[in-house]
Amino acid sequence: MVDLGSNSVRLVVFEGLSRNPEAIFNEKAVLGLGRGLTTTGRLNDAAVAQALTVLRRYHAVARGMGADPVQVLATAAVRDATNGAEFIKALEQAMPGVPVQVLSGDAEARLSADGLLLGFSAANGLLADLGGGSLELVRLVDGEMRESVSLPLGTIRLAERAGGDVAKARGIVEKELASVPWLKQCAGTDLFPVGGTFRAMARIHMAQTGYPLAIVHHYAIRREEARDLAGVLMSAPRRALERMPSAPSKRLSDLPFAAVAMRRLLRASGAARAVFSANGLREGWYARLLPPELRDADPLLSATQELADAFGRNADFPPALEEWLRPLELADNPQDARLVSAAARISDIGSHDHPEYRAEQSFFRVLRQHGVGLDHHARAFLAMTVALRYEAEPPATFLDQARSLLSSPALRQAETLGAALRLAFTLSGGVMELLAGTALVRDSRRVVLRLREGSGVFAGESVLRRLEVLAILLGLEASVETVAAPA
């Protein structure tokens, strides 16, 4: 699909239909179609000519890749410009046979929310999608869309309305947000910033703080940190912005005005955190192509199942393994239960890698996978778990990226789950019939490994050693019992 925005034009080609959209081609041109719109009422003439050239290329690329369906979605600049209809006619000639939809503000807001909910299925808070021409806001309650509004506060439009004066822009944003009474109902929840300039702000903050994972999606910072970041970007002269690590050269002039929007949104909503999303309008368009049963699936479990399907050996083994783990009572809440289930799915994804690198390859495969439903805690926890399942040494330096993202209790939980998975594969080799000849029992004092006679499993040295490690991590004693085969 082509996202025709006020500042940039982008072609994204997704592969197949899955719960976790995977973009296999993504090309953007920053053209500034909406520059000057506030004063002239028209799309920028120079940008229009450039856009038609770019869109002819996009049409050739999409056609050459066999993309289907293909659609152009036009947003604030095109819908507001007096020459918008004229531009659409030229666009239809440049991309024959491709439907073009000019979105209303409300439709744009709700598409962005659909995209956000692919990655934040139970989102509570305020979606804020900042483009060049408009700012879309949607209130979300437990993953359901409530009120929505589109405001003329995109970075280009805001800068022009304020005459390039950041101080004046603060008053404009404050007045616009004051017209949205339901913002106060978002107090204490999350602000979900969406859009390229907001993502640029997140990357700057990540660089400043030495954050170990270069993935903006699900990057979360406290309200105070977000306010401080916005304050710096609002007041910094251009030369200072240019020297900031990860500051994008093509968005430098937009950053102060995005920062104004961020700071005023935090104040008006009372949000407790800013949680950045790489999903927005484009992913919302994709989400509406999905069948309901796929769209409603758990995004975390879907992402890890996709890894299992791509790299695992036996699709039937993970459910049996999850059931085998149950007596250990490793999950205290539904979120932990989802992580245990996800870990069982990815427990064999290194089976085709070189034995010397299975732990490291599996670790990075999980930490850096494209799944939109994995927050940074889940990525770190599951990456650590699968690396330890493949016998990574805990001091290994490559584990530092995950270790720094986990609390001490979470790290201990990952170590315990990794040890349990290692024991399961030592016993079974990933064979269901062998796993079925074993069972774990836990009580207040011991963790007992039960082995069924004649099942092909026995308590060799490696089994006893790994059982002992698991017992130590659980704070229990280890014991082995042999039980008779059923008559």
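**A walk through the predicted model**

Strand β1 (residues 2–4) and strand β4 (residues 72–74) pair in the parallel sense over 3 bridges, where strands are DSSP runs of E of at least two residues and helices are runs of H or I of at least four, both numbered from the N terminus, and where two strands pair if DSSP finds at least two bridges between them. Within this pairing, D3 stands opposite L73 in β4. This is a predicted model, in which local features need pLDDT of at least 70 and side-chain atom pairs count only at pLDDT 80 or more, while totals for chains, interfaces and linings use all residues. Residues are numbered from 1 along each chain as its sequence is written, and side-chain values use heavy atoms, with hydrogens and water left out.

The two strands belong to an open sheet of 5 strands, which follow the order β3-β2-β1-β4-β5 with mixed pairing. Its edge strands, each pairing on one side only, are β3 (23–30) and β5 (100–102), and the twist from one strand to the next averages 15°. Helix α2 (residues 45–65) lies across β1, β2 and β3 and runs at about 175° to β3; such angles run from 0 to 180 degrees between N-to-C directions, with axes fitted as lines to C-alpha atoms, for helices over the stretch in contact.

Leaving aside residues up to four places away in sequence, S8 touches D3, K28, A29, V30, L31 and R251, contact meaning heavy atoms within 4.5 Å.

On the scale of the protein, the domain assignment gives domain 1 (2–102), domain 2 (105–283) and domain 3 (298–483), with bounds that come from an automatic or database assignment. The C-alpha centres of domain 2 and domain 3 lie 38 Å apart, and 11 residues of domain 2 are in contact with 12 residues of domain 3. The secondary structure of the protein comes to 22 helices and 14 strands, and 55% of its 487 residues count as buried.

The interior can be described through its nonpolar cores, each a set of buried Ala, Val, Leu, Ile, Met, Phe, Trp, Tyr and Cys residues joined through side-chain atoms within 4.5 Å. The largest has 66 residues, and L321, W324, L325, L328, F363, L382 and F398 are those with the most contacts inside it. Elements that each supply at least two residues of this core include α14 (299–311), α15 (317–325), α20 (408–428) and β13 (446–452), and the largest share, 11 residues, comes from α20. Apart from this core lies another, of 51 residues, among them A128, L151, L177 and L266. L325 touches V340, L417, A420 and L421, not counting residues up to four places away in sequence.

A last stop is L451, which lies in strand β13 and, at 4% relative accessibility, counts as buried. Beyond residues up to four places away in sequence, L451 touches several residues, including L427, F458, V480 and V483.

Key. Buried < 20%, exposed > 50% of the residue type's maximum accessible area, 1.4 Å probe, protein only.
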